[in-house]
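Hi everyone, thanks for coming.

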Amino acid sequence: MRGIYDQRSVTLKELKSTFITKLSEVYPTEEVESFFTILSECFLNYTRLETVLNADESLSEEVIKHFENAISRLKRQEPVQYICGKTEFYSLPFKVDEHTLIPRPETEGLVRWIIDDENIKHTRSKALLDIGTGSGCIAIALAKNLKHLDVSALDFSSKALVTAHKNSVFNGVQ
């Protein structure tokens, strides 16, 4: 991107324009704008509003390189959550990478259903086993919300288990 702007500084507004132009051939504009918002939060720690308010801010070389890398990865259809290395599930933060699946909204519905079922029926299940845990999102969300439950998680991938363990520590569950 730097070549486009020669030696002058690049503003957030200019970066956004270039970002949208470069990705509009691959994704719909609304999705590209959503990616930009997510990446601005990831790389700049800006909310959507702060991105607008700071549109004329000059960016560092490092930030520009992060966005250039993100553009390349998005053009290869890599999920934005892998680029940031994180996502949210059931209002909890999770690290994700190429060794884990990205949690789906439908899975949040499953977790909500299990929690509601436990709370309504008062069945007080003693234990739960999450097989193929990946990031650990299901097991961790259940352990966080059903403290009486002994939750265990398994996965074939040792790399996924490393990520799940980091997520359990990060979210304060065992």
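Let's start with T100, which sits in the loop between β2 (92-95) and α7 (105-121); helices (H or I, at least four residues) and strands (E, at least two) are DSSP runs, numbered from the N terminus. This is a predicted model, where local features need pLDDT of at least 70, side-chain atom pairs count only at pLDDT 80 or more, and totals for chains, interfaces and linings use all residues. Residues are numbered from 1 along each chain as its sequence is written, and side-chain values use heavy atoms, with hydrogens and water left out.

Is T100 buried or exposed? T100 is buried, with a relative accessible area of 3%; buried means under 20%, exposed over 50%, and partly exposed in between, with a 1.4 Å probe and protein chains only. Leaving aside residues up to four places away in sequence, T100 touches Y82, G134, S135, A160 and T163, where contact means heavy atoms within 4.5 Å.

Now to the charged pairs. How many salt bridges does the structure hold? There are 3, each a side-chain nitrogen of Lys or Arg within 4 Å of a carboxyl oxygen of Asp or Glu. One of them joins K13 to D56, with the closest N and O atoms 3.1 Å apart. That pair links distant parts of the chain, 43 residues apart: K13 is in helix α2 (residues 12-23), and D56 is in the loop between α4 (48-53) and α5 (61-75). D56 counts as exposed, at 57% relative accessibility.

E78 and R73 also meet through their side chains, at 2.5 Å from N to O, and here R73 is buried, with a relative accessible area of 18%.
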